[in-house]
Amino acid sequence: NRRMMMRLFPELFARHSIAPVAHYPDMLLEKLRAVAPPNVSEPTVVVLTPGMYNSAYFEHAFVAQQMGVELVEGQDLFVKDDFVYMRTTQGPQRVDVIYRRIDDDFLDPEVFRAESAIGCAGLMRAYRAGNVNLANAIGTGVADDKSIYPYVPRMIEFYLGETPLLHNVPTRMCREPDSLAYALEHLPELVVKEVHGAGGYGMLVGPASTQAEIAAFAEKIKAHPEHYIAQPTLALSTCPTYVESGIAPRHLDLRPFVLSGKTVSIVPGGLTRVALGEGSLVVNSSQGGGTKDTWVLEK
């Protein structure tokens, strides 16, 4: 997005002092190298991708290319004597840090799903032996479970001894009887999401749904209330967006990029996702959403 904007509107960048984001790959590589196993002075970092048929493969390839590291698939790696090696034209090369873009379940067929063809057998043995590090660590995907979200303020207070500066969206856990009753009664006003859902799937936006859709979703909630959370429908910000009819307001949200290692770094920009459908609140790319360049202006 930034490269395209600079190419199309160079005069805007000449007129305004916009914080650069091109150093993000360097920041990411620095964080990855910092988590290398002890006594490794020049760690080898790779990006592990599920392969070319993954919807985010272009991103995987782009990040690897920008960091100057190898993009590998599971078949490119093997484990010997609890060390991970990468197959190269010059022979095996030891790998010290793996930036994985593969879910836990598919990482190692010896430990997780035995039928996985995109992982590396023995990877967890090397990991447990301390001979390779994974970013992010095994199990961090639990943060994607939306039933964790209501507890985040208490996590901050417990682990950091601080009060959150930003308040959570009020969230009701449908597994709790009172919350379930409230959600079913107010479905036309709420957004209901599967706790394990992603990509805009498995959710109901009450104000944008028909009575039939609401009734059908209510039956799903009643059958498995533990699978759902309910939140008020937020009035997302809008931004002028070029669509087929011209320039029109479209809803959007912002995802910042935060890199955590020995220190925490925030990229002066982020991923602004935009719902391209008129009135839509679903910004996910898998549901037809788009993205915008995000500017942070410097003084």
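How far apart are the mean positions of the positive and negative charges of the protein chain? The 27 positive and the 34 negative charges have mean positions that lie 4 Å apart. This value, like the others below, comes from a predicted model.

**The chain as a whole**

The protein chain contains eight helices and 17 strands. Further values for the chain are listed here.

| Property of the protein chain | Value |
|---|---|
| Span of the C-alpha trace along its principal axes | about 65 × 55 × 45 Å |
| Buried share of the 299 residues | 36% |
| Accessible surface | about 18,200 Å² |
| Share of that surface belonging to carbon and sulfur atoms | 55% |

Contacts were also sorted by separation along the sequence. Of those between residues at least 6 apart, 54% join residues at least 24 apart.

**A four-stranded sheet**

Four strands form an open sheet in the order E2-E1-E6-E7, and their pairing is parallel. Strand E2 (70–72) and strand E7 (133–135) each have a single partner strand and stand at the edges, so one side of each has no neighbour in the sheet. From one strand to the next, the twist averages 30°.

Strand E1 (residues 45–48) and strand E6 (residues 97–100) run parallel and are joined by four bridges. Val 47 has Tyr 99 in E6 as its bridge partner. Helix H4 (residues 57–67) packs on the sheet, where it touches E1, E2 and E6. The direction of helix H4 makes about 150° with that of E2.

**Ser 179**

Is Ser 179 buried or exposed? Its relative accessibility is 6%, and because buried means under 20%, Ser 179 counts as buried. Ser 179 sits in helix H7 (residues 177–185). Once neighbours within four places in sequence are set aside, Ser 179 is in contact with Arg 172 and Met 173.

**Val 169**

Where does Val 169 lie? Val 169 is found in the loop that runs between helix H6 (152–160) and strand E8 (172–173). Which residues does Val 169 contact, leaving aside its neighbours within four places in sequence? They are Tyr 149, Gln 231, Pro 232 and Leu 234. Thr 233 is 64 residues from Val 169 along the chain, and the C-alpha atoms of these two residues are separated by 9.6 Å.

How values were computed
Residues numbered from 1 in each chain as written. Predicted model: local features only at pLDDT ≥ 70, side-chain atom pairs only at ≥ 80, totals over all residues. Heavy atoms only, no water. Pairing = 2+ DSSP bridges. Helix = DSSP H or I, 4+ residues; strand = E, 2+ residues; numbered from the N terminus. Axes fitted to C-alpha atoms, helices over the stretch in contact; angles between N-to-C directions. Contact = heavy atoms within 4.5 Å. Buried < 20%, exposed > 50% of the residue type's maximum accessible area, 1.4 Å probe, protein only. Areas by Shrake-Rupley, 256 points an atom, 1.4 Å probe, with all protein chains shown as cover. Lys, Arg positive; Asp, Glu negative; His and termini not counted. Charge placed at Lys NZ, Arg CZ, Asp CG, Glu CD.
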